[in-house]
Amino acid sequence: LSIGNHTVTITTTGACSSETQTAILNVSSGTPVINLHTTSATMWPPNHQYQTFNITDFVASASSSCDTSVDINDVVIQKVSSDEPEENPAGADGNTLNDIVIAPDCKSVQLRRERDGNLNGRVYTITFKVTDSFGNSTTATVKVNVPKNNNGTAIDNGAAAGYTVNSLCP
């Protein structure tokens with residue numbers, strides 16, 4: 001049935017008569033929800049050092065109408081992408097690798113505070129995922145910016161311009 005209220009009628013027929021009962025059945029979406037504190041953060045200065053971000057830095061709560069046990073502890077980092085290449089030999093990004101390091105438990109990520117000085121600032125996109133016990137899941141994203149200049153902005157060129165690191169968590 002589609003989402004919403006439906007009238008359901010059941011008729012039982014026996015040897016002597018029939019009985020009918022009618023009820024309203026409410027079908028909800030069942031999709032879990034991730035509520036965010038904020039959808040963005042900025043890292044400065046671009047000193048090539050790691051900064052750690054935990055799920056709780058961005059996620060306020062998680063819930064599911066189908067599974068009341070779902071909470072923030074069920075949220076994992078599904079993937080992180082950068083809109084700049086990890087290493088640009090002709091660029092000005094510090095000649096480092098592993099700019100994105102997702103923790104084995106998928107509850108935090110280390111992002112390198114760097115951007116290619118020849119481009120328009122780096123934007124990391126963190127994708128969070130929550131799945132309930134029925135297999136229903138949803139995602140939410142946040143952006144972490146490393147602007148080209150202090151107090152500046154970073155322009156998101158999309159993951160296709162850079163690279164993505166997928167977690168090993170379901």
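Me: In what order do the elements of the protein chain run from the N terminus on?

Reply: They run β-β-β-β-β-β-β-β-β-β-β-β. That is 0 helices and 12 strands, where helices (H or I, at least four residues) and strands (E, at least two) are DSSP runs numbered from the N terminus. Bear in mind that this is a predicted model, where local features need pLDDT of at least 70, side-chain atom pairs count only at pLDDT 80 or more, and totals for chains, interfaces and linings use all residues. Residues are numbered from 1 along each chain as its sequence is written, and side-chain values use heavy atoms, with hydrogens and water left out.

Me: What makes Cys106 and Cys169 a disulfide?

Reply: The rule asks for a pair of cysteine sulfur atoms within 2.5 Å. The sulfur atoms of Cys106 and Cys169 are 1.9 Å apart, so the pair qualifies. Cys106 is in the loop between β8 (100-102) and β9 (108-112), while Cys169 is in the segment after β12 (163-166), 63 residues away. The link is right-handed, with 95° about the S-S bond. By this rule the count comes to 1 disulfide.

Me: How do you know whether Cys16 is buried or exposed?

Reply: Buried means under 20% relative accessible area, exposed over 50%, and partly exposed in between (1.4 Å probe, protein chains only). Cys16 has 80%, so it counts as exposed. Cys66 has 37%, so it is partly exposed. Cys106 and Cys169, on the other hand, are both buried.

Me: Why is Thr153 called exposed?

Reply: Its relative accessible area is 60%, so it passes the exposed cut-off. Thr153 sits in the loop between β11 (137-146) and β12. Not counting residues up to four places away in sequence, it touches Asn120, Pro147 and Lys148, contact meaning heavy atoms within 4.5 Å.

Me: And what makes Ile10 exposed?

Reply: Ile10 has a relative accessible area of 53%, so it falls in the exposed class too. Ile10 lies in strand β1 (residues 4-13).
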